[in-house]
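Me: I'm new to this one and I'd like to know what stands behind each label. Can we go through it together?

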Amino acid sequence: MTIDVDETLKRISARKGVKAVVILNNEGQAIRSTLDQDMTKKYGQLISSLVEQTRTTVATLDDQNELTFLRVRTKKHEIMIAPDHEYLLIVVQNPTEVMQQ
């Protein structure tokens, strides 16, 4: 499994515009990251909190629904978040580089 995770991380990181990839466990602790330790910790804590709040909001609005993907776009970056029951995949990219493809 580790080889598959590493290969997937490399493949995603190699895409044009991708600035960072972080994989967290369900407790918000980093399993893999292309960021330095401090930024990994920040993203892990903040994005985990955002995902939990969003999950709660979605469930409150419709208890038959659940969060499957979250995209946050800012002036500088686009943060794509794919939550799972065991893991959380975070990809940070520069949207202007992606659109130039």
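**Around Ile81**

Me: To begin with, which residues is Ile81 in contact with, leaving aside its neighbours within four places in sequence?
Reply: This is a predicted model, and in it Ile81 is in contact with Ile47, Leu50, Val51, Phe69, Leu70, Leu88 and Leu89 once those neighbours are left out.

Me: What makes a group of residues a nonpolar core, and how many residues has the largest one?
Reply: The members must be buried nonpolar residues whose side-chain atoms join up within 4.5 Å. The largest such core here has 13 residues, and those with the most contacts inside it are Ile47, Ile79, Ile81, Leu88 and Ile90. Two or more residues come from each of β1, α2, β4 and β5. There's also a second, separate core of seven residues, including Leu9, Val21, Ile23 and Val91.

Me: Where do those elements sit in the overall order?
Reply: Going from the N terminus, the run is α-β-β-α-β-β-β-α, with three helices and five strands in the protein.

**Helix α2**

Me: How do you know that the length of α2 agrees with its number of residues?
Reply: Helix α2 covers residues 37-61, so at 1.5 Å a residue its 25 residues should span 36 Å. The C-alpha atoms at its ends are 36 Å apart, and therefore the two agree.

Me: What caps the N-terminal end of α2?
Reply: That's Asp36, with a side-chain oxygen 3.1 Å from the backbone nitrogen of Asp38.

Me: Which residues of α2 are buried, and what covers them?
Reply: The buried ones are Thr40, Tyr43, Gly44, Ile47, Ser48, Val51 and Thr54. Their cover includes β1, β2, β3, β4 and β5. As for the spacing, an α-helix has 3.6 residues a turn, so residues three or four places apart point the same way.

Me: Why is Thr40 called buried?
Reply: The label needs under 20% relative accessible area. Thr40 has 9% relative accessibility, so Thr40 counts as buried. Beyond residues up to four places away, Thr40 touches Val22, Ala30, Ser33 and Leu35.

Me: What about β4 with β5, and β3 with β4?
Reply: β4 and β5 have six bridges, in the antiparallel sense, and form a hairpin with three residues between them. β3 and β4 are antiparallel as well, over four bridges, and the hairpin that joins them goes through four residues. Val72, for instance, has Ile79 in β4 as its bridge partner.

Me: What makes β5 mostly covered?
Reply: Five of the seven residues of β5 are buried.

Me: Why is Glu78 called buried?
Reply: Glu78, found in strand β4, has 7% relative accessibility, so Glu78 counts as buried. Its bridge partner in β5 is Gln93.

Me: What makes the link between the side chains of Glu78 and Gln93 a polar contact?
Reply: The distance has to be within 3.5 Å, and here the two side chains are at 2.6 Å.

**The whole protein**

Me: How do you know that the radius of gyration agrees with a compact globule?
Reply: With 101 residues, a compact globule would come out near 13 Å; the protein has 14 Å, so the values agree. Along its principal axes, the C-alpha trace spans about 40 × 30 × 25 Å. Of the 101 residues, 32% count as buried.

Definitions and conventions: Residues numbered from 1 in each chain as written. Predicted model: local features only at pLDDT ≥ 70, side-chain atom pairs only at ≥ 80, totals over all residues. Heavy atoms only, no water. Expected span 1.5 Å × (residues − 1). Buried < 20%, exposed > 50% of the residue type's maximum accessible area, 1.4 Å probe, protein only. Contact = heavy atoms within 4.5 Å. Polar contact = N/O pair within 3.5 Å; in protein donor to acceptor, adjacent residues only side chain to side chain. Pairing = 2+ DSSP bridges. Rg over C-alpha atoms; globule rule 2.2 N^0.38 Å.
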